[in-house]
Amino acid sequence: MNQKQALGAFSALSQETRLSIVRLLVVAGPDGMAAGLLAEKAGVSPSNISFHLKELEHAGLVSQQRESRSMIYRANIGMLGDLVRFLMEDCCAGHPEVCAPAVQAASCRTPAQVTP
């Protein structure tokens with residue numbers, strides 16, 4: 001990941017609704033979530049969710065796939081991992097033990113431990 005990609009991702013995530021959407025999709029995992037259900041869970045209108053999903057998709061943070069009559073959105077876990085690695089790649093001046101708590105905190109947790 002380069003700096004321009006990271007800035008685009010951070011820009012997309014710097015809005016409260018979009019951050020909530022990404023967190024909901026991370027919890028949903030590979031099954032993803034239909035746009036209508038995302039709108040309901042995020043507390044926004046269908047037209048509003050569409051706007052936010054377009055921004056997140058443009059930043060590479062989510063993908064969409066048509067399934068029957070629904071658009072299913074999924075978090076791009078690879079891109080999110082790249083973003084974390086971008087932040088941590090030069091961590092701690094060659095002392096990885098200093099970064100260990102941050103790496104451990106970023107590891108997978110059960111959905112009950114994540115609040116959107």
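Is Glu67 buried, exposed or partly exposed? With a relative accessibility of 36%, Glu67 counts as partly exposed, and its side chain takes part in a salt bridge with that of Arg74. The model discussed here is a predicted one, and its secondary structure comes to six helices and three strands, which follow one another along the sequence in the pattern α-α-β-α-α-β-β-α-α. Of the 116 residues of the protein, 28% count as buried. Among contacts with a separation of 6 or more, 54% are accounted for by residues 24 or more positions apart.

**Packing of H2 with H3**

- Helix H2, which spans residues 16–28, and helix H3, which spans residues 35–42, have axes that come within 10 Å and cross at roughly 120 degrees.
- Because angles of 65 to 115 degrees count as roughly perpendicular and those over 145 as roughly antiparallel, H2 and H3 are oblique to each other.
- The crossing in which H2 passes H3 is right-handed.
- On the H2 side the contact involves Ile21, Leu24 and Leu25, and these meet Leu38, Lys41 and Ala42 on the H3 side.
- Sorted by class, the residues of this contact of H2 with H3 comprise five nonpolar, no polar and one charged.

**Packing of H2 with H4**

- H2 also packs with H4, here at an angle of about 75 degrees and with the two axes 10 Å apart.
- The pair H2 and H4 is therefore described as roughly perpendicular, the range for that term being 65 to 115 degrees.
- From H2 the contact draws on Thr17, Arg18, Ile21 and Val22, while H4 contributes Ile49, Phe51, His52, Leu53, Glu55 and Leu56.
- The class count for the contact of H2 with H4 is six nonpolar, two polar and two charged residues.
- Ile21 is listed in the contact of H2 with H3, and Ile21 is also listed in the contact of H2 with H4.

- Thr17, which is found in helix H2, counts as buried at 17% relative accessibility.
- When the neighbours within four places in sequence are left aside, Thr17 is in contact with Val44 and His52, and His52 is one of the H4 residues in the contact of H2 with H4.
- Gln15 lies in the loop between helix H1, residues 3–13, and H2, and Gln15 counts as partly exposed at 26% relative accessibility.
- Although Gln15 and His52 are 37 residues apart in sequence, their C-alpha atoms are 9.1 Å apart in space.

**Pro46 in H4**

- Pro46 is found in helix H4, which covers residues 46–58.
- With a relative accessible area of 63%, Pro46 is exposed.
- Pro46 and Ala35 are eleven residues apart along the chain, and their C-alpha atoms are separated by 7.6 Å.

**Salt bridges**

- The count of salt bridges in the model comes to two.
- One of them joins the side chains of Glu67 and Arg74, with an N to O distance of 2.9 Å.
- Arg85 and Asp82 both lie in helix H5, residues 77–88, where they are three residues apart, or about one turn of the helix.
- Asp82 counts as partly exposed, its relative accessibility being 31%.

**The loop between E2 and E3**

- Ser68 lies in the loop that runs between strand E2, residues 62–67, and strand E3, residues 70–75.
- Ser68 has a positive phi of about 60 degrees, although Ser68 is not a glycine.
- At 68% relative accessibility, Ser68 counts as exposed.

Note on methods
Residues are numbered from 1 along each chain as its sequence is written. This is a predicted model: local features need pLDDT of at least 70, side-chain atom pairs count only at pLDDT 80 or more; totals for chains, interfaces and linings use all residues. Side-chain values use heavy atoms; hydrogens and water are left out. Axes are lines fitted to C-alpha atoms, for helices over the stretch in contact, and angles run from 0 to 180 degrees between N-to-C directions. Helices (H or I, at least four residues) and strands (E, at least two) are DSSP runs, numbered from the N terminus. Angles under 35 degrees count as roughly parallel, over 145 as roughly antiparallel, 65 to 115 as roughly perpendicular and the rest as oblique. A crossing is left-handed if the near helix is turned anticlockwise from the far one by less than a right angle, and right-handed if clockwise. Contact means heavy atoms within 4.5 Å. Ala, Val, Leu, Ile, Met, Phe, Trp, Tyr, Cys and Pro count as nonpolar, Asp, Glu, Lys and Arg as charged, and the others, Gly among them, as polar. A salt bridge is a side-chain nitrogen of Lys or Arg within 4 Å of a carboxyl oxygen of Asp or Glu. Buried means under 20% relative accessible area, exposed over 50%, partly exposed in between (1.4 Å probe, protein chains only).
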